[in-house]
Amino acid sequence: MHELLEAMDAGNIEHVMISGIPVAKKWHENEPKRPRYYAGDDAPVYWYSATDVLVAAALEELDEQQRTRFHPFLSGFNPNDKNADAHIRRMLELHPGLWQGLGEIFTRHDDVTALTEGDTPRANNEALARVYHLAAEFDLPVMLHSNITSKRERNPLYLVELEEPLRNHPHTRFIWAHAGTSMELHRHQQKLDFLLPTVSRLLDDYPNLYIDLSWTMLRPYLLNKEGEPDADWLKLVERHPTRFVLGSDVVGRFGSLAEGMQAFAPFLDALPEEVARQVARDNFLAILPRKRQAEVR
């Protein structure tokens, strides 16, 4: 945690959402070496509830002033299990006032989906509907990873899985991780031409949707090959100035955090100053539970 705080200070980062990874990689009996990455071998991944225990313990290491900079989201539950909402409720009771959101919830997620033991999670399944109701009850935002398409299809193949919850749970605030993109999608498809009009329509139709502009969105969307801001994405952000947040997506190692967040500077600098401040900081704080917003501000 102290390494993370140092990286935040180096990058002029005041506040962060922090969560654990909801799955763990199995070291299979037939594999001679512990896998360092989920794609390191063909062994499966499984839902790992201890991830939230580790996050809570890490935050307890900090003093009160340091903790105010962290906004932990609870993620260690199986999104296919209709017991998930009961588990989340128990975790909220176990650490009163600690958790400020849910996620990143993994549903459609490239090869992680194929490797996950059990059924493929969908953002519009019955188990998650119960979770979304609980999120509204406790005023918790939900960060959802739901790929917009597969590695082959050049159309928004899985969009309905996101759009149904947006429509059916208007009182739940959803943060769409990376706008449904991923580096694995880009390796196969490069730029998704349908992404901008799709995101534009969703923002118009669903006031409970927020877009996470994480590092997978920098190129080829926010910045072109020459590193210049994309005019159409700038217009979209200016049209919906309160609906975009920045993300780093760093996992466990923080040496690249400051540099990664500074990479957004050309895009932010091209926005009006007030809009840039909202995207870089204020929008995320405004998504948090209302009680927490009052404490931060």
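This is a predicted model: local features need pLDDT of at least 70, side-chain atom pairs count only at pLDDT 80 or more; totals for chains, interfaces and linings use all residues.
Residues are numbered from 1 along each chain as its sequence is written, and side-chain values use heavy atoms, with hydrogens and water left out. Local features required pLDDT of at least 70 and side-chain atom pairs pLDDT 80 or more, whereas totals for chains, interfaces and linings use all residues.

Helix α7 (residues 159–168) packs against helix α9 (residues 195–205) at an angle of about 15 degrees, and their axes are 12 Å apart. The two helices are therefore roughly parallel (an angle under 35 degrees). The contact (heavy atoms within 4.5 Å) is formed by Leu 159, Leu 162, Glu 163 and Leu 166 of α7 together with Thr 198, Arg 201 and Leu 202 of α9. By class, these residues comprise 4 nonpolar, 1 polar and 2 charged (Ala, Val, Leu, Ile, Met, Phe, Trp, Tyr, Cys and Pro count as nonpolar, Asp, Glu, Lys and Arg as charged, and the others, Gly among them, as polar).

Gln 189 is located in helix α8 (residues 183–189). Its relative accessible area is 3%, so Gln 189 is buried (under 20% relative accessible area, with a 1.4 Å probe and protein chains only). Apart from neighbours within four places in sequence, Gln 189 is in contact with Thr 149, Ser 150, Lys 151, Arg 152, Glu 153 and Arg 154. Ser 150 is 39 residues from Gln 189 in sequence, and the C-alpha atoms of the two residues are 9.2 Å apart in space. The side chain of Gln 189 also reaches the backbone oxygen of Glu 153 at 2.7 Å.

Terms used:
Axes are lines fitted to C-alpha atoms, for helices over the stretch in contact, and angles run from 0 to 180 degrees between N-to-C directions. Helices (H or I, at least four residues) and strands (E, at least two) are DSSP runs, numbered from the N terminus. Angles under 35 degrees count as roughly parallel, over 145 as roughly antiparallel, 65 to 115 as roughly perpendicular and the rest as oblique. Buried means under 20% relative accessible area, exposed over 50%, partly exposed in between (1.4 Å probe, protein chains only). A polar contact is a pair of N or O atoms within 3.5 Å; within protein, one must be able to donate a hydrogen and the other to accept it, and residues adjacent in sequence count only if both atoms are side-chain atoms.
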